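This briefing is meant for someone meeting the structure for the first time. Please look over the sequence and the model before reading on.

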Amino acid sequence: MKKVLLLTVFCFSFIAADEFVEYGPSFGGYGEMHYNVEKEELDFHRFVLFFNNQFDDNWSLKSEMELEHNMVGADYEGELELEQAFINYHSDMFGFKGGVLLMPAGIINEYHEPPTFLSVERPDYHKYIIPTTWFGNGFQFYGNVPGGLHWSVTLFEDMKGEGIGYLGSEKYAIRSARGKGENATTQDWTKNLKLGWSGMGMKVGVSTTMNDSPIDGGVHSGTVGFDLTELNFAYNDNNFHVVFETATIGYDWDNATIDFTDADLREHLELEAGDPDPTIDDMQTSASGMYLDLGYDIGSLFGAKLVPWVRTSVYTHDDNDATKETTQTMYGLSYWPHDNVTIKMEMGTSEKNGTESDIFNIGVGYMF
């Protein structure tokens, strides 16, 4: 690590223990404001502060506090969250984390500061498939292998079964199942295995995450199993910016007991009077998605980083009777007047189950 500041910017990535380590406390942060033109909404979406302490060459504390949507309280939609708070041990080949962690699934869940990705909003893939930001209580063991390989094994709190698939939201896959550290259980542990490689301007990663998530839903009981397998690739060199991510989620309802006559569930599933009660076989069987970003930095013509880009994206939620699919095509222009400050614009279309809507967003973001 050349500077403690770089460590905070990259969201607490691996520490290089060498003579450049600076001991003691440090802080950093990031933030972003979005103007959703089509919805006429102006939202300072996130204000985040990092607080860290480097005890010695090997031991450190990392933490992150986030305020969303300006205000919190019973009358406001904002949230105040402890998204990271862990003790980290790092040596040249091996490391350990314990505390509030980010799940190492996909790219943006771990590295989501606004200047590190092209679009105004985080890709929808990182909402409807991988539930970014995905954090909770747990432990992680990680290491590096000569040649650019790195690996991690993460043991994480259980997900909440009543938030998976149709029980949580038909559009969000497992997003509503995040426990965020509150009343966390370890009945099965959420287990993540990740392998990655970096070199020649490229980063490649693959991970799998699985859990038999306990249901605490009153008239419902048992567990809902899920497994998420994802692959990601990024290339940032020679003015090219390329990102590709894809993932598939499978569900296992065999150990779940669901009361489909429950009035609240029928309302949640938007069933009308006279509609037959569904069965376990009608629940979601899988979800999947992908997106591809292509951009090229033309900033050398203007003396600053300026990247026009295009994105194609698709994600689906499947049950035994139907597939609900959303596709997106987006175009954007992102400008960095400073390496840690970005101004962005994006537009395009989103089509969900045959219904098309327009996208037009403007954003500003920073990190330090």
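The model described here is a predicted one. A search of the whole structure finds seven salt bridges, and several of them are described below together with the places of their partners. Side chains of opposite charge can pair when their charged atoms come close.

**Salt bridges between buried residues**

- Arg-311 and Asp-293 meet through their side chains in a salt bridge, with an N to O distance of 2.6 Å. Because Arg-311 belongs to strand β14 (residues 305–318) and Asp-293 to strand β13 (residues 286–296), the pair ties together parts that are 18 residues apart in sequence.
- Arg-311 has a relative accessibility of 4% and therefore counts as buried, and Asp-293, at 4% relative accessibility, counts as buried too.
- A salt bridge also joins the side chains of Lys-194 and Glu-110, at 3.0 Å from N to O. This pair links distant parts of the chain, since Lys-194 is in strand β8 while Glu-110 is in the loop between β5 (94–102) and α2 (125–128), 84 residues apart.
- Lys-194 and Glu-110 are both buried.

- Lys-180 forms a salt bridge with Glu-79, and the closest N and O atoms of the two are 3.5 Å apart. Lys-180 lies in the loop between α3 (165–168) and β8 (190–199), whereas Glu-79 lies in strand β4 (residues 79–90), so the pair ties together parts that are 101 residues apart in sequence.
- Lys-180 is partly exposed, its relative accessible area being 28%, and Glu-79 counts as partly exposed at 31% relative accessibility.

**A network of salt bridges**

- Salt bridges link Glu-32, Arg-46 and Glu-66 in a network.

**Thr-257 and its surroundings**

- Thr-257 is found in strand β12 (residues 256–257), and with a relative accessibility of 46% this residue counts as partly exposed.
- When residues up to four places away in sequence are not counted, Thr-257 touches Val-219, His-220 and Ser-221.
- Thr-257 and Tyr-335 are 78 residues apart along the chain, and a separation of 52 Å lies between their C-alpha atoms.

Notes
Residues are numbered from 1 along each chain as its sequence is written. This is a predicted model: local features need pLDDT of at least 70, side-chain atom pairs count only at pLDDT 80 or more; totals for chains, interfaces and linings use all residues. Side-chain values use heavy atoms; hydrogens and water are left out. Helices (H or I, at least four residues) and strands (E, at least two) are DSSP runs, numbered from the N terminus. Buried means under 20% relative accessible area, exposed over 50%, partly exposed in between (1.4 Å probe, protein chains only). Contact means heavy atoms within 4.5 Å. A salt bridge is a side-chain nitrogen of Lys or Arg within 4 Å of a carboxyl oxygen of Asp or Glu.
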